[in-house]
Amino acid sequence: MCPLQLLLAQDLAPRAYIIAPVHSNAVTLTYSFLTGDIVFDNTLPIENADGRINISTLSLYHTLNCFGRSANVTVSLPFAIGNFQATVVGTPTQAYRSGLLPGALRFSVNLKGGPAMSVKEFLSWKQKTIIGASLKVLPPTGQYDPTRLINPGTNRWAFKPELGLSRRWGQWVVDTYGAVWFFSTNSDFFSRNQYSPGTNTQSQSPITAFEGHLSYDFKKGGLRSWISLDGNFWYGGRTSVNGVENPASLLANSRVGATVSVPVSKHQSVKFSYSYGAIARYGGNFQNVSVGWQYSWLGRPN
């Protein structure tokens, strides 16, 4: 179990299926700080484990017309710095890790209630019910050393197909998403070291993830800010090493939090979010504080 890798299922992304005009673009810089306990399998000789993780992420976003439906592509590149400490077999132990996490590519398309629109059409459009679908892909990128248990990279593929629903009532918006994470096998897991001189393989069963958000719009001077209450739950993800499953690695965790988005100009906005582990049966029980800056514009290259 790697604390950095277990951040995958913990998405809290309000308004992920909200529509923007075709050829909308955005660049986002996000900084997240996570701190808290790490819950290991109680059969391992590890006690009092905790960590502090700093993650900086650069994301690029672009909307397009997909057979008459509104669609978008997002590419993200995160970098992490983490400090971990625990008592291992009665000995205080510390670990420092830094490096690239797996990059992410997400494609999303609106299936109902979200036609591809120009700016003029978008200004007269009113949201009611939107149903969308997306696919998020994480390739086996990021820094990875098979001799270490904790790594920024994962040395495997991850895929997250998702269905989302967004419904607006006046200034209120309700979002719900359901997704499943699928993982390929890590063929070089915690190998060739003093604890395991051979080569190990690790596999992980799918993780089912659910998300819900209730948000409210505030309008002032032609600019719109909003606040959201966020929550999620994910289940599954038992891991197996060399074909032997660890039943204690079952994930049945939940996070709750809030997000605030505030525009500061026509093209710029800042977003603040906070969440904490409401339920943490296994994995990282982290508090997460994030701040993001976004610059957006309309148009496409000539």
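Author: What follows is a chat about this protein, which is a predicted model.

Reader: OK, how many helices and strands are there?
Author: The protein has one helix and 16 strands.

Reader: And how big is it along its principal axes?
Author: The C-alpha trace spans about 65 × 35 × 35 Å along those axes.

Reader: What share of the residues is buried?
Author: Buried residues make up 45% of the 302.

Reader: Which residues make up the largest nonpolar core?
Author: That core has 12 residues, including Leu34, Ile38, Phe84, Ile150 and Phe286. Strand S1 (24-39), strand S2 (46-66) and strand S3 (69-88) each supply at least two residues of this core. Apart from it lies another core of nine residues, and Trp181, Ala209, Trp234 and Leu251 are among them.

Reader: You said Trp181. What's its bridge partner in S10?
Author: Trp181's partner there is Ile207. Strand S8 (residues 172-183) and strand S10 (residues 207-220) pair over 10 bridges, in the antiparallel sense.

Reader: Which strand pairs with S10 over 14 bridges?
Author: Strand S11 (residues 223-236) does, and that pairing is antiparallel too. As an example, Gly212 has Gly231 in S11 as its bridge partner.

Reader: New topic. In what order do the strands of the open sheet come?
Author: The order is S9-S12-S13, three strands with antiparallel pairing.

Reader: Why is one side of S9 and of S13 left without a neighbour?
Author: Strand S9 (202-204) and strand S13 (244-246) stand at the edges of the sheet, and each has a single partner strand, so one side of each has no neighbour in the sheet. Neighbouring strands in this sheet are turned by 30 degrees against each other on average, ignoring direction.

Reader: How many bridges join S12 to S13?
Author: Three bridges join strand S12 (residues 239-241) to S13, and the two run antiparallel. Val241, for instance, has Val244 in S13 as its bridge partner.

Reader: Where do side chains point in a strand, anyway?
Author: In a regular strand, side chains alternate between the two faces of the sheet.

Reader: Let's zoom in on one residue. Is Ser261 buried or exposed?
Author: Ser261 has a relative accessible area of 9%, and the cut-off for buried is under 20%, so Ser261 counts as buried. Ser261 is found in strand S14 (residues 251-263).

Reader: Who does Ser261 touch?
Author: Leaving out residues up to four places away in sequence, Ser261 touches Ser225, Trp226, Val270 and Lys271.

Reader: And what about Ile279, where does that sit?
Author: Ile279 is in strand S15 (residues 268-279). Its relative accessibility is 43%, which lies between the 20% and 50% cut-offs, so Ile279 is partly exposed.

Reader: Which residues does Ile279 touch?
Author: Ile279 touches Ala252, Asn253 and Ser254, again not counting residues up to four places away in sequence. The C-alpha atoms of Ile279 and Phe233 are separated by 8.6 Å, and these two residues are 46 apart along the chain.

Reader: Last one: what share of contacts joins residues at least 24 apart?
Author: Among contacts between residues at least 6 apart in sequence, 64% join residues at least 24 apart.

Notes: Residues numbered from 1 in each chain as written. Predicted model: local features only at pLDDT ≥ 70, side-chain atom pairs only at ≥ 80, totals over all residues. Heavy atoms only, no water. Helix = DSSP H or I, 4+ residues; strand = E, 2+ residues; numbered from the N terminus. Buried < 20%, exposed > 50% of the residue type's maximum accessible area, 1.4 Å probe, protein only. Contact = heavy atoms within 4.5 Å. Pairing = 2+ DSSP bridges. Axes fitted to C-alpha atoms, helices over the stretch in contact; angles between N-to-C directions. Core = buried A, V, L, I, M, F, W, Y, C linked by side-chain atoms within 4.5 Å.
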